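Welcome, and thanks for taking a look at this chain. Please have the sequence and the fold open side by side as you read.

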Amino acid sequence: MSGAVVGGSETASQIEYYSRALRAPRISDAFRRLGDQARDAVWSHEEYLAAVLSREVSEREASGSAMRIKAARFPGFKTLEDFNFDRQPSADRNLIAHLGTGVFLAEGKNVVLLGPPGTGETHLAISLGVKAAQTGHRVLFDTAVGWVNRLQEAHSRGKLDAELKRLRRYSALIVDEVGYIPFDQDAANLFFQLVSSRYEQASLILTSNLTFGRWGDVFGDPTVASAMIDRIVHHADVISLKGASYRMKNHQLPSTTT
């Protein structure tokens, strides 16, 4: 690159002004740090500009990703890379890796993770949510009970439809622990409305300790459960996990004596 990349204090001041005007503060740091490198490597003006803008974009994306992850309200930070597939051979590595690309979100598909407690359903659900947030998608996490409580509150204020519409702006809602606590009829109807409002519109990621055949017990009505399952699985990948709880693996229950 011929000539000076940064042409003195006046030019530097102009660049700093432009970066503030564009709300791109990282340019103020990057143009100086990359200046010497550009001169030494004889970059073209276009290469130098691309490098400066690349720093701004990459750091902005990283910042946005962190904000989306925080806003998702995950109970913890989990990644697919941390998932122990050796302990869970029933998990399809290739399918889960494909889901990690987020393609299913663009298609409005669902992901359902079924398995006994402690077999990794929540870990995978959070991991897929984190991947989605990192690639620019808005995600929101809660338990099934938490989602019902949210909808009950909206319903009591006469704003259920507005809340469901607002939630459709999220690419993915994660519904954890379906089946741990049974719902009464009103709660089941609200949950059904959540599922229906996202049908072929936006994605759900659900975890459950129960097979679909037992969801009728959870929702108190086999007909409602069947209609709900039909909407969920119509466009979905269903992953069944097996085995004993990871959390109990290294803990033996105390023996009892009589």
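Predicted model: local features only at pLDDT ≥ 70, side-chain atom pairs only at ≥ 80, totals over all residues.

Let us begin on the inside. In soluble globular proteins, nonpolar side chains tend to be buried together. Here the largest nonpolar core holds 32 residues, and the members that touch the most others are Phe183, Phe191, Trp215 and Phe219. At least two residues of this core come from each of strands S1 (110-114), S3 (172-178) and S4 (203-208), and from each of helices H7 (144-156), H8, H9 (185-198), H10 (215-219) and H11 (222-234). Helix H9 gives the largest share, with six residues.

## Salt bridges across the chain

The model has seven salt bridges, and a few of them deserve a visit. One joins the side chains of Glu16 and Arg32, with an N to O distance of 2.5 Å. Glu16 sits in helix H1 (residues 8-21) and Arg32 in helix H2 (residues 26-40), so that pair links parts of the chain 16 residues apart. Glu16 is partly exposed, at 24% relative accessibility, and Arg32 is partly exposed as well, at 44%.

Another salt bridge pairs Asp237 with Lys109, whose closest N and O atoms are 3.6 Å apart. Because Asp237 belongs to strand S5 (residues 236-240) while Lys109 is in the loop between helix H5 (103-106) and S1, this pair ties together parts that are 128 residues apart in sequence. Asp237 has a relative accessible area of 17%, below the 20% limit, and therefore counts as buried. Lys109, at 21%, counts as partly exposed.

## A buried pair and its network

Which residue forms a salt bridge with Arg150? The partner is Glu163, and the closest N and O atoms of the two are 3.4 Å apart. Are Arg150 and Glu163 buried or exposed? Both are buried. Arg166 joins them too: Arg150, Glu163 and Arg166 are linked in a network of salt bridges.

## A positive patch on the surface

Our last stop is on the outside. Arg138, Lys165, Arg168 and Arg169 gather on the surface in a patch of positive charge. Of these, Lys165 lies in helix H8, which covers residues 160-167. Lys165 has a relative accessible area of 52%, over the 50% limit, so this residue counts as exposed.

Definitions and conventions:
Residues numbered from 1 in each chain as written. Heavy atoms only, no water. Patch = residues over 30% accessible without salt bridge, like charges linked within 9 Å, V, L, I, M, F, W, Y side chains within 5 Å. Areas by Shrake-Rupley, 256 points an atom, 1.4 Å probe, with all protein chains shown as cover. Salt bridge = Lys/Arg side-chain N within 4 Å of Asp/Glu carboxyl O. Lys, Arg positive; Asp, Glu negative; His and termini not counted. Charge placed at Lys NZ, Arg CZ, Asp CG, Glu CD. Helix = DSSP H or I, 4+ residues; strand = E, 2+ residues; numbered from the N terminus. Buried < 20%, exposed > 50% of the residue type's maximum accessible area, 1.4 Å probe, protein only. Core = buried A, V, L, I, M, F, W, Y, C linked by side-chain atoms within 4.5 Å.
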